[in-house]
Amino acid sequence: SFERQAQQLPDDTLLVWMPGRPSTTWLAALEHLVRCAPAPLKMSADADPAGVDMACSVGRVWERMGLTWVPYRMGVAEIAVAKQSWALNAHDRVLLAKLLTAPDLPLSLRELCEAMQRDGCKAEQEGWL
């Protein structure tokens, strides 16, 4: 999915690979880079509870610096057209409940979480990219 997204971006766009759940060290390194070259963020991750949680973790780096971020291609539309669909597991359901209590969850991610909770399924980026 990273390679596919890289091929679709304009030349003046930075694409950063996220190593699964980002560690504190990885987030600190990313924050340092963004402080050197501030820019808005389009955050893309799997349309699953873990992807939403990771997107919010990275988005908080931008928020701390007063920069904007938006979820990108990880909404209800993507999960609807995904070529594969996975059932939520118990961990997913617990994480969804936690995410939905967050008052700062972006609207599009809230809608995605509600759809996953309602429909009982999730998807990975490879399913629509």
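This is a predicted model: local features need pLDDT of at least 70, side-chain atom pairs count only at pLDDT 80 or more; totals for chains, interfaces and linings use all residues.
View 1. What share of the 129 residues counts as buried? The figure is 43%.

**View 2. The overall build.** Let's step back to the whole chain. Its C-alpha trace spans about 40 × 30 × 25 Å along the principal axes. A compact globule of 129 residues would have a radius of gyration near 14 Å, and the chain has 15 Å, so the two agree.

**View 3. Helices and strands in order.** You can pick out 6 helices and 4 strands here. Start at the N terminus and follow along: the elements run α-α-β-α-β-α-β-α-α-β. Now for who touches whom: among contacts with a separation of 6 or more, 76% are between residues 24 or more positions apart.

**View 4. The largest pocket.** How do we spot gaps like this one? Rolling a probe the size of a water molecule over the atoms shows where empty space is left. The largest pocket holds about 1000 Å³ of space. Its lining takes in 38 residues, and the closest to the pocket centre are Leu-14, Leu-15, Val-16, Leu-41 and Lys-42. Which elements give two or more residues to this lining? They are helix 1 (2–8), helix 2 (24–36), strand 1 (41–43), helix 3 (49–64) and strand 2 (69–71).

View 5. Sort the lining residues of the largest pocket by type and you get 24 nonpolar, 9 polar and 5 charged.

Technical notes. Residues are numbered from 1 along each chain as its sequence is written. Side-chain values use heavy atoms; hydrogens and water are left out. On a 1 Å grid over the protein atoms alone, a cavity is a set of points where a 1.4 Å probe fits but cannot get out, and a pocket is an open set with protein on both sides within 12 Å along at least five of seven lines; lining residues have an atom within 4 Å of a point. Grid points are joined across faces, edges and corners, and a volume is the space filled by probe spheres set on the points. Ala, Val, Leu, Ile, Met, Phe, Trp, Tyr, Cys and Pro count as nonpolar, Asp, Glu, Lys and Arg as charged, and the others, Gly among them, as polar. The radius of gyration is taken over C-alpha atoms; the globule rule is 2.2 Å times the number of residues to the power 0.38. Buried means under 20% relative accessible area, exposed over 50%, partly exposed in between (1.4 Å probe, protein chains only). Contact means heavy atoms within 4.5 Å.
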